[in-house]
Amino acid sequence: MPEVTATPAREPDGRTDRIARRTLLGVVGAWTAGGLGVALLGLTGRGATAAAIPVPTHDPRLHAILTGAASPAATGTPRPATGAGHDQVHEAVTKAFPAKTQGQGLQALPSSIVNGARQFDLVCEQIKWEVTPGNVVDAYAYNGQVPGPIMRVTEGERVRVRVTNKLDDSTAVHWHGQRVKNEVDGVPFITQPPIKPGETYTYEFTARPFGSHMYHSHHNATAQVGGGMLGPLLVAPKDPGVDPRYDKDELFIFNDSLGGLTINGKGFPATAPYTAKLGQRIRFRFMNEGQLIHPAHLHGLTLEVFARDGYPLPQPFRCDTLNVAPGERWDAIVVADEPGVWAFHCHILGHAEGSAGMFGMVTALIVSA
Amino acid sequence: MPEVTATPAREPDGRTDRIARRTLLGVVGAWTAGGLGVALLGLTGRGATAAAIPVPTHDPRLHAILTGAASPAATGTPRPATGAGHDQVHEAVTKAFPAKTQGQGLQALPSSIVNGARQFDLVCEQIKWEVTPGNVVDAYAYNGQVPGPIMRVTEGERVRVRVTNKLDDSTAVHWHGQRVKNEVDGVPFITQPPIKPGETYTYEFTARPFGSHMYHSHHNATAQVGGGMLGPLLVAPKDPGVDPRYDKDELFIFNDSLGGLTINGKGFPATAPYTAKLGQRIRFRFMNEGQLIHPAHLHGLTLEVFARDGYPLPQPFRCDTLNVAPGERWDAIVVADEPGVWAFHCHILGHAEGSAGMFGMVTALIVSA
Amino acid sequence: MPEVTATPAREPDGRTDRIARRTLLGVVGAWTAGGLGVALLGLTGRGATAAAIPVPTHDPRLHAILTGAASPAATGTPRPATGAGHDQVHEAVTKAFPAKTQGQGLQALPSSIVNGARQFDLVCEQIKWEVTPGNVVDAYAYNGQVPGPIMRVTEGERVRVRVTNKLDDSTAVHWHGQRVKNEVDGVPFITQPPIKPGETYTYEFTARPFGSHMYHSHHNATAQVGGGMLGPLLVAPKDPGVDPRYDKDELFIFNDSLGGLTINGKGFPATAPYTAKLGQRIRFRFMNEGQLIHPAHLHGLTLEVFARDGYPLPQPFRCDTLNVAPGERWDAIVVADEPGVWAFHCHILGHAEGSAGMFGMVTALIVSA
């Protein structure tokens, strides 16, 4: 397993930071004190061997997990492995977390002000995408990323997006949740002709309402969105005071087509853990771009849900399991008031754990002391 | 494609009106100004040929869409068509919207006051139902309609419903959401014997609580409700002041058995668009009579959700994607404050768009200036 | 059908009571007055023969229902039986309710105070579990029960649970919804090593937050939780005033793996009805330990939902259909203000009724005058 300290945190400003090794050792102190230290050395990356272990994709059984082939979706009802056999593959895949893969979605999308509008460029491409180590699938992508890059604008701002179609197919972009003029709504043959291969099409609109929104294909959408053509459109409120206070801003996007069951374009153990320092307030923006509901369950901490589809809730509510239906967005604050490695996964158990260990929609929130 | 002006609006009082041609041209002005006029002429019905185009069911690929045979549900994972091929079928099916089919559900159910009660007659029949052009399926129906006719009563009113069973099977009616006496609850062998073929059975109850409720079969219900035996039971509050103000009152009923994925008994492109004049307030009553959740997504406008299962929410909330689970009802106001043709569909993309264009749970809200 | 009077009510304190025969006759009075008395004699247990009727598992068609083999899940789209054939099997299965089966989950788990902590013992075992009469399946269980026994603690109390693993497989217990220290969170290879066969592992934590929570396996969880390793962890608030007032406290746990579609570990007609006296306030704690959403629909009465995942809602809401996603818990009060036998079932109709009558996720709330 690679050292946890090598995991980039996804900061809104594109800056990466690293989990300080000493704080992780701090987190892990309780385990060690409890006599579990040996089993966890691998996870915490204290041992040189652990840090050097590649994901052993030559093991056919483990390879099946890592590539999703052993997922219940692929094989029907899971047949439980017994005793040591199960534990071994389960341990291997767990210790592989966070596994390295090629490609990272949700990078900050650069913009510039041109003729009074904030201008972005999106390029639609067919790419190869590595979902879990060795599991490389054909994907549709914006700017080579799955999910597409993060677009950040401010409420009331004029936004211009130039979409260049390098696919073999036509496409169109819908600004899911935005109250745009009808002609830029992105529905082919209703509000625009499709953007044909080779064409560049320009959308221009005024960003409203604020909140967590999405952009995605609205053409052959089951295939194109399922295949990766989706991304977050985050509209900051003109008055920042309407948002609760938070220290970190994170995306949590479910998808269930491309390469199986993913969070932010990757399946466990290649999902990236979220990180926080004790006491930090993290904003999670949950989105579902898949075909199934996915109830996100966070261990040990509390979700304070304050917005739905970008709209502030009249009264926030608390929960630990937040059901996210396709097309929905939910915003929640998590106060990282307890250190540890907190599992964070879809609670449809067949989306998270099979007969050969955890896979798919599993990640963690790591709170360091 | 038939002229949009020929689309009857479903008014609560059974009156039909037509979308004035000039207002649609107004809506379309922006498109034309944007250089998209040519592509949209067909949709807006300005050309004589457009109005005369029958749904081209001789095209085998298009026929497959119109009959639902090409839906992901029927064929598994959608295989994207490429380039011009996809666009062609997609355009044809989109321009066919709203396509003409035989039969219309949700007509106003006449009633009369007999012995102090508002009396309705429901007749259960096995009929042929055209879901999309040429796709005619065997259905169970109330009064020859899918969904069944709209029953409107007032809170506290005495209601009498005489149900005549002309099916080959027994049946029973449950007043879903109503707080009736147990003996009229409609559960065979628990609260009543089943209504056998040829029999007429009379239910009598006092309407409460107010709100958006349903009537449907509670006997062999997977088959009978799935097959069409369902309808809305709308109970107006005694004090009209408890409802928000609205100009139009619309039903939006999901089903996913009979003939595939439907809104109000029809699949795209045979779904009827909703219409509004700029500034009007439309009340949508969402209901799910199917087996799957369906998140309704409205483009460009906002849903102000104010009631759940008929009960006023203590605090309304806003959203653009409203997840409706089987058996649930949700009431929302949409203020039509932006003109255009706004797509309105289930956001499980596989319920709305396949490799050969849009199908199933897709309609539009057309706001004219 | 066994006499309803033989149905034990599940009281929090483990005490059983019986529905007084005279009150049921009272409930049934309206039916009899309505001329339906004959059909209902069997259900109400007035006849000696009715009380003696065993579930007729020699009837192959009925046997198929009782064993779940005729469920839509097992056989695909239900093919409606016609006329008398359907009614006959439907009547037989309905009159078999509540059918006797071996084994009862959700018994009160004894505890004792040891070294300042409330101490419980859980034993993990592979057992045979009778889901419906004659349908005996291989299950994973805590203390021989599916769902596992009810653990009751008080907010702020120190809790110690000794888990003995008598399975052939490893396991681990997650305290779903509890804000524990990370090292007792129950995720193998992350927070602890798995508990191997033959081992006893001790968890100790301080109970918080209060409310309706769950314990379940977090190892090979699709198989182990699906197979029955789940139970309720009910944390009473330190200040009882934060809860609404109620007279009875009931669990309503969905599962959809072990032996099909179940409520509290049993499928209809072996589900246990809930009982109440007229005017009583019943607290229902809904939990979903399955893989699918399940919207619980209660006939004739109103759910006043006041907590989500244990957390009090800022404003309770009312409904009659409550969608419960996997991992969620919802608490609701039902005021039993109308006598009768009120059907209470998952409103995904295919989870409740097939071509051969009701099955799976169906039970009733019986309110006696």
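Me: Strands count as paired once DSSP finds at least two bridges between them. In this predicted model, which residue of S5(A) is the bridge partner of Leu122(A)?
Reply: Start with the strands. S2(A) and S5(A), residues 158-165, pair in the parallel sense over seven bridges. Within S5(A), the bridge partner of Leu122(A) is Val163(A).

Me: How many bridges join S2(A) to S3(A)?
Reply: S3(A) spans residues 135-142 and runs antiparallel to S2(A). One facing pair is Glu130(A) opposite Val136(A). The number of bridges joining S2(A) to S3(A) is eight.

Me: Which residue in the turn between S2(A) and S3(A) has a positive phi?
Reply: These two strands form a hairpin with two residues between them. The positive phi there is about 90 degrees. The residue is Gly134(A).

Me: Which residue takes a positive phi in the hairpin of S1(A) and S2(A)?
Reply: S1(A), residues 112-114, runs antiparallel to S2(A), residues 117-132, and three bridges join them. Val114(A) stands opposite Ala117(A). Two residues lie between the strands, and the one with a positive phi near 50 degrees is Asn115(A).

Me: Which strands stand at the edges of the six-stranded open sheet of chain A?
Reply: The order is S11-S10-S13-S18-S15-S16, with mixed pairing. Inside that order, S10(A) and S13(A) pair in the parallel sense over seven bridges, with Leu251(A) opposite Arg285(A). Each edge strand has a single partner, so one side of each is left without a neighbour in the sheet; these strands are S11 (262-263) and S16 (311-319) of chain A.

Me: How many residues of domain 2 of chain A are in contact with domain 1?
Reply: Domain 1 is assigned as 6-101 + 245-368, and domain 2 as 112-240. On the domain 1 side, 30 residues take part. The residues they contact in domain 2 number 26.

Me: On the domain 1 side of that boundary in chain A, how many residues are polar?
Reply: Helix H4 (60-66) and strands S10 (248-255), S13 (281-288) and S18 (329-335) of chain A each give two or more residues to this side. By class, it has ten nonpolar and six charged residues. The polar count is 14.

Me: Which element of chain B gives the largest share of the side that touches chain A?
Reply: Across this interface, 43 residues of chain B are in contact with 37 of chain A. Elements giving two or more residues include H1 (21-33), H2 (37-44) and S16 (311-319) of chain B. The largest share is seven residues, from H6(B).

Me: How does that side of chain B divide by class?
Reply: The contact residues of chain B number 43. Charged residues account for seven of the side that touches chain A. The other classes there are 17 polar and 19 nonpolar.

Me: Why are chains A and B related as by a rotation axis, and of which fold?
Reply: Chain B can be laid on chain A by a turn of 120 degrees and a shift of 0.0 Å along the axis, with an RMSD of 0.0 Å. The two copies are therefore related as by an axis that is three-fold.

Me: What share of the contact residues of chain B recur in chain A?
Reply: Superposing the two chains takes a turn of 120 degrees. The copies use different surfaces. The recurring share is 5%.

Me: Which residues of chain B touch the most other members of the largest nonpolar core?
Reply: That core has 291 residues. Beyond its neighbours within four places in sequence, Leu365(B) is in contact with residues including Leu298(B), Val334(B), Trp342(B) and Phe344(B). From chain B, those touching the most other members are Val334(B) and Leu365(B).

How values were computed: Residues are numbered from 1 along each chain as its sequence is written. Chains are lettered from A and ligands numbered from 1 in the order in which they are written. This is a predicted model: local features need pLDDT of at least 70, side-chain atom pairs count only at pLDDT 80 or more; totals for chains, interfaces and linings use all residues. Two residues are in contact if their C-beta atoms, placed from the backbone, lie within 7 Å. Helices (H or I, at least four residues) and strands (E, at least two) are DSSP runs, numbered from the N terminus. Ala, Val, Leu, Ile, Met, Phe, Trp, Tyr, Cys and Pro count as nonpolar, Asp, Glu, Lys and Arg as charged, and the others, Gly among them, as polar. Domain bounds come from an automatic or database domain assignment. A nonpolar core is a set of buried Ala, Val, Leu, Ile, Met, Phe, Trp, Tyr and Cys residues joined through C-beta atoms within 7 Å. A residue is buried if 20 or more other C-beta atoms lie within 10 Å of its own, exposed if 12 or fewer, and partly exposed in between; C-beta atoms are placed from the backbone. Copies are superposed by least squares on the C-alpha atoms of residues with pLDDT of at least 70 in both.
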